[in-house]
Protein chains: 2
Amino acid sequence: MSDVAMAGRRARGGGAARRAERTAVSLDTAKFITRNIPNFEILNEEALQIIEWNAETVLEEVGVNFLENPGALALWRAAGADVRGERVHIPRGLARKLCATAPRSFTQAARNPERNVEIGGRNLVLAPVYGPPFVRDREGGRRYATMADFKNFVKLGYMSKWLHHSGGTVCEPTDVAVNKRHLDMLHAHMTLSDKPFMGSVTEPVRAADSVEMAKLLFGADFVDQNVVMTSLININSPLTFDSTMMGALEVYAKAGQAAIISPFIVGGAMAPVTVAGTLTQVLAEVLAGVAYSQLVRPGAPVIFGAFVTSIDMNSGAPTFGTPEAAHITYGAGQLARRLGLPYRSGGAFCGSKLPDAQAAYETANSLNMALLAGVNFMLHACGWLEGGLVSSYEKFVMDADQLGTLHHLAKGIAVDENGQGMDAIREVGPGGHYLGCAHTQANFKTAFWRSDLLDYKPFETWDEEGARDTEALAAERVKKQLADYQAPALDEGIRESLDDYVARKKAAEPDAFI
Amino acid sequence: MSDVAMAGRRARGGGAARRAERTAVSLDTAKFITRNIPNFEILNEEALQIIEWNAETVLEEVGVNFLENPGALALWRAAGADVRGERVHIPRGLARKLCATAPRSFTQAARNPERNVEIGGRNLVLAPVYGPPFVRDREGGRRYATMADFKNFVKLGYMSKWLHHSGGTVCEPTDVAVNKRHLDMLHAHMTLSDKPFMGSVTEPVRAADSVEMAKLLFGADFVDQNVVMTSLININSPLTFDSTMMGALEVYAKAGQAAIISPFIVGGAMAPVTVAGTLTQVLAEVLAGVAYSQLVRPGAPVIFGAFVTSIDMNSGAPTFGTPEAAHITYGAGQLARRLGLPYRSGGAFCGSKLPDAQAAYETANSLNMALLAGVNFMLHACGWLEGGLVSSYEKFVMDADQLGTLHHLAKGIAVDENGQGMDAIREVGPGGHYLGCAHTQANFKTAFWRSDLLDYKPFETWDEEGARDTEALAAERVKKQLADYQAPALDEGIRESLDDYVARKKAAEPDAFI
């Protein structure tokens, strides 16, 4: 081969390699976090025992309501509970005993096996915001979310290095009928991303649709034998389990699919105004909900959930990133570990209307506490704005970047010989400089976390480039990521079967908008 | 007395009471934090022992430099160190033994005894930003700091409920001669605030001026018998103690005044690029510096300092709020506690040019880690911007507001009968609402931390009021606080003696601007 031909090969090879590298960078997804640091244990043994005792007292004396659900009442009665009307009084110890069949940890499969996540143990899996009816971006302002927005957020999630999970209702696509939008949402997660995702919970039939579509994507046998969806079952706090959510839970439990059993609490409104009282109620609710999941199918994979915010007693508005929310998140983590269940809590919570300093203070408070609280599954890990009313494009990429800090924090401190760095200290000595020493050269690429978004430039450079704030940098990144997006490969036959399922289901009934 | 006269009395009383209440709100200063939560212990016993062993190895084998300081070398030689030129090799165990005479905790007196702070133990004392040559505000942008700015920041510190300490160089008053500005700065802290403050360290004679002025303010006997200043002695990392800083330390130690002995490290430049290596060097430097303070005067009050940031290896810029800084802050806290010394670290650190989301993410990361790391004295707790080059007016009040979260986090979780809230759960029951129940009514005023600055309003109200971001809300608060400011009362004789001292000293030598 001539040198010219070789050069041509190298050039092509180099170009392809560079393109591959660029692609690799944009599609790089970090493995879920496995903590090598302790959890923060805020409650002592005595306090934990008091709360656990009180939760059982609540279940026995006060009881929980299972509304419009005779099947559930029958299961509880058969298990030994004292059922009076729709009120279930659970004898001390029964709920905890029933919870024992739930797995301590489970794997949720993604269609790309490299994206599988292990939920439980010392792991932390990060998923994006869930549920907002509005979106906001810098140029367009605040507006009702549409299916086009939904697809954009799924794409951004797919492009986010530190996000392990595609989530569920990343925003509510309000331009699609309520009884059909779950089909479009699942189709988007299944085709636009290859990360794991969540199923629909708004009606039991929509949960069933989720399972059917998952069977088209993964194959029916695979879905029978593996967890391929983790879905969000909210408890109607205080102490109430409605038939819609329980119906969805029943569908998923019977299909062997995972559910987060999650009290939804604004402190002082749906639970006592004190932290220990809220923890008592959270534990009672999770014990009852998880026990019920195991009555439906022993061994069904479930997560101990706790969505808890504080409240501004002046206005009644929920508040985020507050010390009381941190107390509850730390305490609930301890209760979850003692119960032997994976733990869901935390998120990029904030009450701010804009992705500004308030949003970032509150979010950072929330993310840090969630890492140290031992959370295993963090929904809302990026994009949450305005108390969950808004999915913010800019905040999505800002938060997603910050999630990198959690990965590095969780690594802990290496104290092996390289970590100790004694050779470096000996080499450099008093008054010297470490930048050029051998130890620095060997370690600098991986030693420090580096943001892909925030500004590290000298003032003068930053000023010349337009003196942009974080929101402006994020808006640019959103545009670039959406422009760079390329869908992961998907078998054409599978895609057609998903298209067909959605079309058939949509044609089968009229649109409903409530 | 007639009803009319009574009504007049009530009206006057009511007006005075309301005025007093307004005044009380603006001048309310929270007591320093005493933690009722555990510290976060990131390193296990084995790792701590390795780092402690290595630090002693560094002191013995590598040694430390005491530059242009024959007195220090003589003290070290007499204490048993191996002194070669200006290099001091400290035999294993000697430095730690010398450190044993330093107090575990000390009280710094303020001229208002209600503002006294206890530094050490489970306490956390918060002080504002220190050292920036620039200031920034929303209207005026970024500019060199002046004495007028300095006074404004002292006033804001005095007005800040969650700030316990007036600090030191809240910004560099660049319009006053370098050899005289310490006089104006001390005068401002002493007259515009009644919170505790820091002394000058830029030359030993300026430290001596600080002690003299403190004697005018507190009385000479009081200063002899009490700590009235805590000053910042930076170590010239790696492993170098220069004569300016050591000279100031000597002045303060001999006067029984407190000093923070603090490595100043940008990781990878002034210390090894790995966390355990940095911790080793930090410990070696603090051991040497504290031991030296005890050679100068056994029992001199000192603080184990650690100012450590990471670095962006692309640009060489220091970076803030990063995971590696958190690792070091947690680890150094453990080392300080094992050494039995109060611990200084943390701050409202950020690299951002604006008080935007980047600033708040990085700051919240830093503040949270400092609380859990067991920090006893936090300099830079508010107002820090742009890597410490800028004191930001808006960020000062934003951060100062966030410091409230640390106070509430540190309270921990009450599990007494009221905390348990069982009566509330019994009263409300499944499906009920807690807002009106007796337990909520009894607790709602103190149950939840509430920001005095951030926005909790409904979207529509916020939008109608101008859709302001956090910086805009903060700018308004800055203006209001400076307008509302009233100086604390000060004996006229003391004020005149301080005025006179400053005038006399200023007249005694020509201005120097380097």
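The model is predicted, so local features need pLDDT of at least 70 and side-chain atom pairs count only at pLDDT 80 or more, while totals for chains, interfaces and linings use all residues. Residues are numbered from 1 along each chain as its sequence is written, chains are lettered from A and ligands numbered from 1 in the order in which they are written, and side-chain values use heavy atoms, with hydrogens and water left out.

**Where the chains meet**

- The size of an interface is often given as the accessible area lost when the parts come together.
- Here chain B and chain A bury about 9200 Å² between them, and 69% of it is on carbon and sulfur atoms (buried area is the accessible area, found with a 1.4 Å probe, that two parts lose on being put together, summed over both).

**Salt bridges**

- Over all chains, the count comes to 54 salt bridges (a side-chain nitrogen of Lys or Arg within 4 Å of a carboxyl oxygen of Asp or Glu).
- Six salt bridges are counted between chain B and chain A.
- B:Arg450 pairs with A:Asp312 in a salt bridge, with 2.5 Å between the closest N and O atoms.
- Another salt bridge joins A:Glu386 to A:Arg142, where the closest N and O atoms are 2.8 Å apart.
- This pair links distant parts of the chain, 244 residues apart: A:Glu386 is in the loop between strand S18 (384-385) and strand S19 (390-392), and A:Arg142 is in strand S9 (residues 141-144) of chain A.

**A charged patch**

- A:Asp416, A:Glu417, A:Asp423 and A:Glu427 gather in a surface patch of negative charge (patch residues have over 30% relative accessible area and no salt bridge, and like charges are joined within 9 Å).
- Asp and Glu count as negative, with the charge placed at CG of Asp or CD of Glu.
- Accessible areas come from the Shrake-Rupley method with a 1.4 Å probe, and for residues only the protein chains shown count as cover.
- A:Glu427 sits in helix H15 (residues 422-428) of chain A (helices are DSSP runs, H or I, of at least four residues, and strands are E runs of at least two, numbered from the N terminus).

**Backbone details**

- A:Ser237 and A:Pro238 are joined by a cis peptide bond with omega about 0°, and A:Pro238 lies in the loop between strands S10 (230-235) and S11 (240-241) of chain A.
- In chain B, a cis peptide bond joins B:Ser237 and B:Pro238, with omega about 5°.
- A:Leu239, also in the loop between S10 and S11 of chain A, has phi near 60°, a positive value in a residue other than glycine.

Key
Patch = residues over 30% accessible without salt bridge, like charges linked within 9 Å, V, L, I, M, F, W, Y side chains within 5 Å.
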